[in-house]
Amino acid sequence: MLKLLKNDLGGRVFLTILVLTTVFVPVANLLLPPDNPLYVSSYTVTLIGKYLCYAILALSLDLVWGYLGIMSLGHGAFFALGGYAMGMYLMRQIGDRGVYGNAELPDFMVFLNWDSLPWFWSGFDQLWFALLMVVLIPGLLAFVFGLLAFRSRVTGVYFSIITQALTYALMLAFFRNEMGFGGNNGLTDFKDILGFNIQAAETRVALFTASAVVLAAAYLACRSIVSSRLGVLSMAVRDAESRVRFLGYNVTNVKLAVFVFSAMLAGVAGALYVPQVGIINPSEFSPLKSIELVIWVAVGGRGTLYGAILGALAVSYSKTWLTGAFPEVWLFALGALFILVTIYLPKGVSGSIETLRKRR
Amino acid sequence: MTESLDTYKSQRLKEENPSNSIRAMNFKSLIYKWAVFFAMILSLLSGFGIFTEALAESATPSLEETLPDLLTKSFKEKTLVAERIAESADPRSVKLLEAMLNGKLGYIKENKTMVYMNKVDKGLSLTDALTDQSKGTLKKNEVKKVATNNKLRKTLRGLIARAQLANTDSTVRKQSVLRMLETADGVAITALKNQLETEPKKEIQELIQVAIDLNKVRSEPHQSLHEIQNLSSRLEPEVRNALAAIASNETLKASDPDVVDASVKSLKIIDGKVSFYKKLETGFFGLSLGSVLVLAAIGLAITFGVMGVINMAHGELIMIGSYTTYTLQQLMPSQIGLALVLSIPAAFIVSALFGMLIERGVIRHLYGRPLETLLATFGVSLVLQQLVRTVYSPLNRSVESPSWLSGTLEINSVLSLTLNRLYIIAFCLVVFAALYFLINRSNIGLHVRAISQNRQMARAMGIRASRVDMLTFGLGSGIAGIAGVALSQLTNVGPNLGQGYIIDSFLVVVFGGVGNLWGTLVSGFSLGIASKFLEPWSGAVLAKIAVLVFIILFIQKYPSGLFPQRGRAAEG
């Protein structure tokens with residue numbers, strides 16, 4: 001692991017901060033009394049936990065955008081699919097404590113007068129099955145979609161636009177009540193996870209810690225991928241796709257492998273996100289979310305991994321702050337961020353730091 | 001993060017709510033009201049001169065004698081009085097019966113004068129029913145309405161229709177026959193037969209014959225084999241109902257099987273025709289949706305197709321065009337039609353200016369970096385949306401349609417085309433033709449094409465590339481503004497107007513083949529028609545998803561679209 005991080009100063013700094021936060025926050029939340037100045041409220045714990053999920057998502061996008069050169073405008077779809085898989089498990093956990101008290105069916109199905117659970121809901125009362133689906137479903141979608149797209153060599157902006165169309169189509173589909181995923185309202189009103197109350201401070205801290213651990217693991221996994229032969233190949237594809245093809249490599253397989261892994265990672269991020277925010281609905285599929293994700297990575301700087309995380313945390317935090325303090329200003333700020341970063345900071349914050357360091 | 005949810009919800013709502021069909025439905029009742037209004041005006045205009053003549057020559061009691069009889073409480077007697085009023089052939093009778101039907105006829109309690117009542121702020125403004133003189137305004141409790149019940153109202157409708165049969169306006173006559181189709185019998189049929197002899201218009205003659213045939217089919221079905229066969233050429237719903245009643249009549253089946261067979265046969269012919277016209281109508285809806293898509297995408301075909309610039313703010317340029325229309329209408333509220341016509345050049349200019357500003361400020365720095373262009377212009381779109389929210393309001397605004405835009409063109413009783421859709425189709429074709437001409441025939445078009453084919457060579461020939469870039473982008477943006485004017489006539493204008501069209505527009509351009517105006521036209525229309533034909537059996541949302549999935553698959557198979565560019569330009 002140390003060998004992996006040898007040339008990765010940013011990664012070392014980031015992981016150190018992450019470890020310190022992961023130790024400090026639970027202690028400050030659970031052990032300190034509320035009047036202590038260092039006390040961290042449960043709200044803040046969940047908020048940071050949410051940001052960490054965003055960071056995992058940004059990491060997954062940086063893998064395909066920064067190292068493979070594919071700008072996916074539909075990565076939010078994989079995130080949302082993972083979230084829905086987790087949400088379905090949490091829905092089943094409610095049991096007969098719903099408004100209608102029906103142990104067999106979630107509330108929205110009772111409301112829609114459904115008689116029995118649709119087949120695709122079976123199995124979701126087991127956490128292991130749900131977790132399997134969290135990676136399998138986004139992975140499968142990415143595989144089929146990627147296979148079709150990469151084999152016919154759809155690249156660049158075309159790929160971006162059809163991924164956007166994909167997430168848009170999924171959003172329209174999930175809005176429909178007939179789909180069996182709660183329609184407009186999505187899945188919410190969760191009670192507990194693995195038998196623990198989802199609202200309890202301890203559960204929240206556990207979810208936060210899980211997010212932090214997964215983020216660290218994901219970072220190391222991504223770092224090992226980009227340092228591996230596959231990573232080198234994917235960078236070669238990014239820089240000169242035709243040349244790699246002419247050298248005899250199978251470009252489609254390289255792209256597919258990285259894309260599918262990235263989608264699975266996005267799914268995991270969604271699965272950690274849903275129990276913390278307590279809701280998943282079709283708006284997660286909206287193209288705006290996916291494109292906001294792209295700007296996180298652009299701001300932080302692509303192709304450095306830790307830059308993506310930095311961008312996700314910084315932009316999400318400013319969003320929380322701005323939408324609270326000056327709701328009118330947020331879209332102006334976000335729009336300006338898009339414009340300024342692409343024109344004046346094409347490599348993002350981390351890229352600019354690296355350039356400065358190399359110059360010195 | 002919730003704002004995007006609301007965005008898409010409202011977008012979806014808008015799409016599922018076809019405001020045009022509502023407008024069209026209102027219009028049918030409008031036609032009816034107009035017809036009545038027209039009749040009233042005519043009867044007023046003809047005035048006293050005819051009135052005295054009528055008095056002199058008719059043996060039937062005059063209105064002055066008949067009218068007081070309406071004071072009775074019995075509905076049966078009122079029916080008789082109403083019939084007498086209709087028989088009086090007095091020009092005022094139609095207005096009287098209409099008022100009675102609409103509950104606007106009453107009498108002043110004090111002196112029992114029959115009056116027309118019109119609601120005003122404090123009570124009712126009254127006009128004498130016989131002399132048309134104003135009787136001032138009275139409180140509600142000083143006047144009594146001539147009450148009606150369902151049966152009486154039905155009779156009244158029949159009487160009015162019959163009275164209008166002799167109207168000089170052929171549309172009024174047609175309407176009156178149409179209204180008599182379902183109920184006409186006895187006296188009405190005699191009136192129809194009389195009218196048939198003098199009716200100059202062939203269309204109405206046929207319609208009267210249908211009413212007479214229908215009456216026979218209803219009253220003595222076993223002897224009306226010939227009529228049933230004749231009726232197979234008609235599309236009126238009343239004909240279909242009457243034939244369906246016979247086709248399912250069990251006793252008739254036993255006694256006169258050939259009559260039943262004939263009506264089944266006729267029904268089949270009618271149903272075939274109806275489904276044909278329904279398909280035609282769906283095709284028309286598809287064409288109008290397609291022309292909206294083409295209008296939205298054609299500007300993109302310039303900026304994306306010809307220049308290769310991904311402009312995610314294209315939808316917002318459309319929105320700016322719509323808001324220009326809205327603003328102009330606010331500036332001249334009394335001249336809505338003029339404002340709409342003026343807003344076409346105005347929207348072009350405003351959107352083009354915004355477009356050129358975007359090109360100079362943002363896109364110019366990003367040529368050759370398409371993905372970054374996409375991101376930066378997306379930022380522009382967010383800023384423009386928020387700008388509109390701040391300047392106008394986050395709420396949707398409705399832009400009014402001038403009267404000459406709303407209305408229907410009725411081909412037959414099954415197929416009627418709404419005028420605003422027809423106009424949009426025509427408008428789309430005009431815009432397309434103008435743009436096509438500009439790109440392929442004009443000097444600036446030549447420069448645009450030269451730059452897009454070989455930038456270096458074009459510059460060497462003395463074309464000022466960066467100026468042409470700016471103008472081209474301005475042109476594409478201006479066309480988006482014009483699309484906004486058209487869209488403002490179809491949906492409400494709001495900050496999210498553009499978002500709904502951006503993905504569709506890109507797909508239309510990509511589907512048609514980048515850099516090809518014809519491709520955009522063909523793909524827009526075919527996508528519009530395809531989704532309208534899918535809608536009936538899958539629902540609007542599923543149809544949209546199906547079209548999206550189809551295009552995603554299509555692009556993977558044919559990455560350069562329906563009409564790929566060939567030759568050197570294709571490699572650029």
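Predicted model: local features only at pLDDT ≥ 70, side-chain atom pairs only at ≥ 80, totals over all residues.
Which residue in E4(B) is the bridge partner of Ser125(B)?

View 1. Welcome to chain B, whose secondary structure comes to 23 helices and 7 strands. Of its 572 residues, 43% count as buried. If you look at contacts in chain B between residues at least 6 apart in sequence, 69% of them join residues at least 24 apart. The chain is divided into domain 1, covering 165-255, and domain 2, covering 275-571. Between the C-alpha centres of these two domains of chain B there are 49 Å.

**View 2. The open sheet of chain B has 5 strands with antiparallel pairing.** Reading across the sheet, the order is E4-E3-E2-E1-E5. Strand E4 (134-138) and strand E5 (143-145) of chain B stand at the edges, and each has a single partner strand, so one side of each is left without a neighbour in the sheet. On average, and ignoring direction, neighbouring strands of this sheet are turned by 40° against each other. As a handy reminder, strands of a sheet pair through backbone hydrogen bonds, either parallel or antiparallel.

**View 3. Strands E3 and E4 of chain B form a hairpin.** Here is the reply to the opening question: Ser125(B) has Thr137(B) as its bridge partner in E4(B). Strand E3 (residues 123-128) of chain B pairs with E4(B) in the antiparallel sense over 3 bridges. There are 5 residues between the two strands, and in the turn you can find Asp132(B), which has a positive phi of about 65°.

**View 4. Strands E2 and E3 of chain B form another view's hairpin, with 2 residues between them.** Strand E2 (residues 114-120) of chain B is joined to E3(B) by 6 bridges, and the two run antiparallel.

View 5. One pair to pick out is Ile108(B) with Val143(B), its bridge partner in E5(B).

**View 6. Helix H23 of chain B and what covers its buried residues.** At 1.5 Å a residue, the 18 residues of H23(B) should span 26 Å, and this agrees with its end C-alpha atoms, which are 26 Å apart. The buried residues of H23(B) are Lys544(B), Ile545(B), Val547(B), Leu548(B), Ile551(B), Ile552(B), Ile555(B) and Gln556(B). Their cover includes helix H5 (127-151) and helix H6 (156-175) of chain A, together with H21 and helix H22 (517-538) of chain B.

**View 7. Chain B touches chain A.** The contact takes 37 residues from chain B and 44 residues from chain A. On the side of chain B that touches chain A, the elements giving two or more residues are helix H1 (2-16), helix H16 (370-391), helix H21 (499-512) and helix H23 (540-557) of chain B. H16(B) gives the most to this side, with 14 residues. Sorted by class, the side of chain B that touches chain A has 26 nonpolar, 7 polar and 4 charged residues.

Conventions:
Residues numbered from 1 in each chain as written. Chains lettered and ligands numbered in written order. Contact = placed C-beta atoms within 7 Å. Helix = DSSP H or I, 4+ residues; strand = E, 2+ residues; numbered from the N terminus. Nonpolar A, V, L, I, M, F, W, Y, C, P; charged D, E, K, R; others polar. Pairing = 2+ DSSP bridges. Axes fitted to C-alpha atoms, helices over the stretch in contact; angles between N-to-C directions. Expected span 1.5 Å × (residues − 1). Buried ≥ 20, exposed ≤ 12 C-beta atoms within 10 Å, placed from the backbone. Domains from an automatic or database assignment.
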